[in-house]
Amino acid sequence: MNMHDGNIAIVGAAETTTIGLRPNITEIGLHVEAAHNALADAGLSIRDVDGFASAGRTPVFELTDYLGIRPRWLDGTMVGGTSFLFHVRHAAAAIAQGLASVVLITHGESGRTRLGSAPYGFDMTSSAAQFEFQYGAQAPFSSFTVPALRFLKDRGMSVEHLAEVVVAQRKWAEGVPRAMKRTPTTVDEVLAGPPIAYPFTKDMCCLVTDAGGALVVTSAERAHDLPGADRAVYLLGSGESSESQLVSQMEDPGSSRAFRDSSRDAFASAGLGPSDIDHLMGYDAFAHVPLYMLEDLGFVGFGESGAFVVDGHTSPGGSLPMNTNGGGLSYTHSGMYGMFAIQESVRQLRGEAAQQVDGVEVGFVQGVGYYFGASGSLVLSNRQP
Amino acid sequence: MKPTPDTQHYWDAAANGELQIQWCNECATYYFYPRSNCPRCGSADVEWRRVSGAATLVSYVINGRPYPPLEPEPLIVALVQLAEGPRMMTNIVGVEPLPSSVELDMPLSVAFIERNGATIPVFTPKAVSA
């Protein structure tokens with residue numbers, strides 16, 4: 001069986017019951033809550049699960065034991081916040097090969113409360129510690145952000161374009177009750193916000209929240225027999241790649257090789273191109289990242305990303321609705337946001353999003369992990385080809 | 001920061017005030033960061049070479065409040081491209097840590113400072129270092 005072509009489906013998708021501040025639940029508890037919400041959404045139970053994937057600080061075999069799963073297939077691929085896109089892709093391959101029949105993918109992170117979460121620590125012998133941390137490129141806000149001024153200058157763009165991304169996504173978040181930031185904002189307000197790492201101000205940087213999410217993946221054949229068969233979301237194409245965990249070592253600071261490679265494979269395996277996409281989720285850890293994605297995925301040409309956002313194409317009513325939950329900048333960001341990008345894509349394809357876009361049939365989810373280190377891409381649809 | 005067998009030479013050279021990076025004899029190119037094998041062709045036939053220390057500023061952010069063990073003083077976190085080709089993360093020193101102090105593509109020269117018990121390469125604007 002081909003793992004693409006709509007032969008594999010997401011049949012359960014849910015987040016933790018609430019997101020944002022969860023002071024009374026541990027990180028592993030967020031995994032569990034999301035897992036059971038997603039299984040209930042699918043009309044399945046933990047006993048139906050025979051494959052499991054997750055990423056984060058808790059090893060997958062500890063999670064399966066905690067959840068009570070007897071797995072015959074495990075995937076602990078950990079490539080930062082895009083890991084869950086890889087898991088969907090790997091699960092599809094495993095199911096197509098008969099290695100598992102029902103795969104549960106979970107995420108839970110106590111990013112804000114840090115309850116049951118290991119302390120942040122650095123391996124001081126790592127390449128990053130030796131060649132980046134000691135210069136102050138220690139945290140995402142002061143490392144992931146470093147190439148942005150280069151990107152802007154090479155395109156004749158400006159810092160205002162970073163603020164425009166925030167403003168566009170906040171327009172979506174205004175109508176999303178679960179979003180942490182829902183107050184309309186302006187370019188001037190974003191630019192006048194507290195400086196985090198010039199040129200980045202606070203609202204150009206992702207939130208830090210407590211949250212979890214989970215997905216249930218199975219064959220389309222099995223999906224047809226489930227109570228929510230009409231809500232199944234099918235995998236049309238996918239891709240994955242990596243470049244460098246060191247931001248300084250990108251081949252081109254103004255473009256992600258990993259974005260280009262994984263999105264190319266996703267489009268090719270789906271037999272589709274950018275013009276076929278109705279809805280885009282582009283993992284926005286920081287405001288420059290969606291601009292890279294718009295260009296690297298081929299939605300716009302070189303240097304056109306800023307004007308595309310300014311002209312409203314990614315905003316409500318635009319031609320390419322993007323980050324319609326408000327994104328990591330306004331909705332939620334536990335630390336590994338890829339799970340939430342997939343969740344919103346699924347909601348849009350099911351017609352169940354808070355800011356539902358009319359006529360969404362094909363969605364694209366683009367993830368990023370470990371700064372510009374890794375990239376996963378999914379093409380999803382509510383119709384089997 | 002702790003050197004490893006792959007990186008010890010780099011840090012020893014820095015302690016002597018020299019910026020040395022690796023050169024691959026197979027594909028005749030420099031590469032950075034230090035590794036036993038060339039990332040372009042996989043060859044282990046590589047050697048250390050002292051480079052000029054000339055660079056240009058590719059991009060930067062200003063980290064207003066670095067975390068320990070660094071001092072909580074603003075740092076220009078800079079991506080620079082060496083004249084020999086490779087890029088590296090560093091700091092721009094000898095100027096106020098303000099956007100008005102630097103400009104993309106400006107020429108830079110290597111300098112060495114002590115930080116947390118190690119000698120590390122940093123860069124200064126060429127005019128300042130002359």
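Select A:Val88 and the residues it touches beyond four places away in sequence: A:Ile105, A:Leu215, A:Val217, A:Leu235, A:Ile342 and A:Leu378. The model on screen is predicted.

Now show chain A as a whole. Its secondary structure consists of 13 helices and eleven strands. The radius of gyration of chain A is 19 Å, close to the 21 Å given by the globule rule for 385 residues, so chain A is as compact as a globular protein of that length. Along the principal axes, the C-alpha atoms of chain A fill a box of roughly 55 × 45 × 40 Å. Colour chain A by burial: 64% of its 385 residues are buried. If you draw the contacts of chain A with a separation of 6 or more, 75% of them join residues 24 or more positions apart.

Move to the contact between the chains. Select 28 residues from chain B and 28 residues from chain A, which together form the contact. On the side of chain B that touches chain A, the elements giving two or more residues are β4 (54-63), β5 (75-82) and β6 (87-91) of chain B. Of these, β4(B) gives the most, with six residues. Coloured by class, this side of chain B shows 17 nonpolar, eight polar and three charged residues.

Zoom in on A:Ala197, which stands opposite B:Asn63 in β4(B).

Where the domains of chain B meet, ten residues of domain 1 are in contact with ten residues of domain 2. To see the domain 1 side, select α1 (8-15) and β2 (29-31) of chain B, each of which supplies at least two residues to the side that touches domain 2. What classes of residue does this side of domain 1 of chain B have? Eight are nonpolar and two are polar, with no charged residues.

Notes: Residues are numbered from 1 along each chain as its sequence is written. Chains are lettered from A and ligands numbered from 1 in the order in which they are written. This is a predicted model: local features need pLDDT of at least 70, side-chain atom pairs count only at pLDDT 80 or more; totals for chains, interfaces and linings use all residues. Helices (H or I, at least four residues) and strands (E, at least two) are DSSP runs, numbered from the N terminus. The radius of gyration is taken over C-alpha atoms; the globule rule is 2.2 Å times the number of residues to the power 0.38. A residue is buried if 20 or more other C-beta atoms lie within 10 Å of its own, exposed if 12 or fewer, and partly exposed in between; C-beta atoms are placed from the backbone. Two residues are in contact if their C-beta atoms, placed from the backbone, lie within 7 Å. Ala, Val, Leu, Ile, Met, Phe, Trp, Tyr, Cys and Pro count as nonpolar, Asp, Glu, Lys and Arg as charged, and the others, Gly among them, as polar. Two strands pair if DSSP finds at least two bridges between them.
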